[in-house]
Amino acid sequence: FSILITFATTLTITFKKRIEETMPISTVCIILIIFLAGLLDNLKIGAILVQILTIIQLIFILITILKKNGIKEILGRILTPGLLIYTVLFIVNVIINKGRIFEDYDEFNHWAVIIKNMFIYNTYGTNPETIVRFNEYPPFTAIFQYLFLVVQKVYREDTVIIAQNVLYLSIIIPITKNIKWNKSSLKILTAIPLIVFMPMLLYKNFFLNILVDGILGIMFAYTIYSAYKDDSKIFKSLKILSGEIMLCLTKTSGLGLAVLSLIIILVKILIDRKKDKTEFKSNIKSLIVVCIITAVITSMWYIKVNNSEKRWDFSKYVETQENQKSSSEILKNFVTAVFMRQDITTKKLTVFSVTVLLIGLQIYSIKKIKNKSFNYYAIQLLISIPIYLISLAITYMTIFEKMEGSMLTCFDRYTSTILLATLCFNAFALFDIKTKFSIE
């Protein structure tokens, strides 16, 4: 907890932003330090470096407090209602998940296996000594969980689950950035249930396991929201960059969402190019920088993967004669499932019916917010749903084994990613507009 708050506080002081806004960026910074160390097959060095940097930053923060107006800055930007919400939910998360163990099949198949191997062998699943089957899966969430284990100095399954939930809190907490210590602090009573129950609408066990499909949707929503909200050029670019890195390093499907988000942002920049040519050039340059940095960091991972032994090769499943014969059957099953399979929201709604509800929510949001920029991103998110579903159908027909493809394995989990992203984006925007207070 102290590591997360310290890194976020340093960014808060540096950029003069509230701590809720800097939390996702600081989380990505922490993970990237360990990620780079892991590329050198020494994760522990990265964790130690993070702890050393925490001490250095604490000294920096102390010096800042001792300066004139330093205390006022701490009170105004750091000791916020958002930090209180974060702390309360952090503590509740620890209490509720104390002693919890892994239960989901896919946790034992990969997500729990990778983190245990990282803790034991001090390296990624790409190391030949590990027993990780899907060793090409990116390690973003696992790195965050690894840090918690290193700090605790013992492997515990409940610690891993707690860490996963803290990661979610660190990404969603900007939703509270406009709540202040006045009458509007009553908004805390709205923010807490929103943060807790929103992901559970589509993933009932969201806080009880370490699967990443739900949090991937939150990451996508955060990235789009960061592009939508006006902010200083550098800070806005850092938020978008953080979102892109999260998507690319969390799961292979996150790469597609990252590309989709970049296309959405690029089209918006092109649409606005006539308003201010200088601003247009600046936005294009910023986006190019974001793309380059994201591409470099992501490439580092896949270079690491390509230089190691693959234990599960996607290529052997692609374009096989057996898969080609079953593609039409899989497609038919997929389309039927979208309209008829009641897997969504505790098996009561179909993907189609949830999409209709989200369209209604989007229409309400557009009328409530009355902002052209929001209208654009809202419409693009709705367009993203069929794009995502088509991509998922192609994946079932090509990447998955015949049996898994025909059964539409994990259909509810995979489809709910984009549905939760759309819901979360609206929550970000609506909660923001309803708590519009100036920041001191």
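A residue is called buried when its relative accessible area is under 20%. Keep that cut-off in mind as you look around this model, which is predicted.

**Stop one: helix α10**

Select residues 213-228, which make up α10. How many of the residues of α10 are buried? The count is 16 of the 16, so this helix is largely enclosed by the rest of the structure. Now check its length with the distance tool: at 1.5 Å a residue, the 16 residues of α10 should span 22 Å, and the end C-alpha atoms lie 23 Å apart, which agrees.

Begin with Tyr168 and Phe207, an edge-to-face pair with 5.6 Å from centre to centre and 70 degrees between the planes. Tyr168 belongs to helix α8 (residues 157-172), while Phe207 sits in the loop between α9 (188-197) and α10, so the pair ties together parts that are 39 residues apart in sequence. Buried or exposed, which are Tyr168 and Phe207? Both are buried.

**Stop three: from α10 to α19**

Now select Tyr228 and Phe425. Their ring centres are 6.1 Å apart and their planes meet at 70 degrees; an angle over 60 counts as edge-to-face, so that is the name for this pair. Tyr228 is in helix α10 and Phe425 in helix α19 (residues 411-434), so here the parts tied together are 197 residues apart in sequence. Tyr228 has 7% relative accessibility and counts as buried; Phe425, at 0%, counts as buried too.

Switch to a surface view and select Leu331, Val335, Phe339, Met340, Phe352 and Val356, which make a nonpolar surface patch of about 560 Å². Which elements give two or more residues to the patch? They are α14 (321-340) and α16 (351-369). The largest share, four residues, comes from α14.

Finish by clicking on Leu331, which is found in helix α14. With a relative accessible area of 38%, Leu331 is partly exposed. On a helix like this one, a general rule is handy: an α-helix has 3.6 residues a turn, so residues three or four places apart point the same way.

Key
Residues are numbered from 1 along each chain as its sequence is written. This is a predicted model: local features need pLDDT of at least 70, side-chain atom pairs count only at pLDDT 80 or more; totals for chains, interfaces and linings use all residues. Side-chain values use heavy atoms; hydrogens and water are left out. Rings of Phe, Tyr and Trp (its six-membered ring) pair if their centres lie within 6.5 Å; planes under 30 degrees apart count as stacked, over 60 as edge-to-face and the rest as tilted. Buried means under 20% relative accessible area, exposed over 50%, partly exposed in between (1.4 Å probe, protein chains only). The expected span of a helix is 1.5 Å times one less than its number of residues. Patches are made of residues with over 30% relative accessible area and no salt bridge: like charges are joined within 9 Å, nonpolar side chains (Val, Leu, Ile, Met, Phe, Trp, Tyr) within 5 Å. Accessible areas come from the Shrake-Rupley method with a 1.4 Å probe; for residues, only the protein chains shown count as cover. A salt bridge is a side-chain nitrogen of Lys or Arg within 4 Å of a carboxyl oxygen of Asp or Glu.
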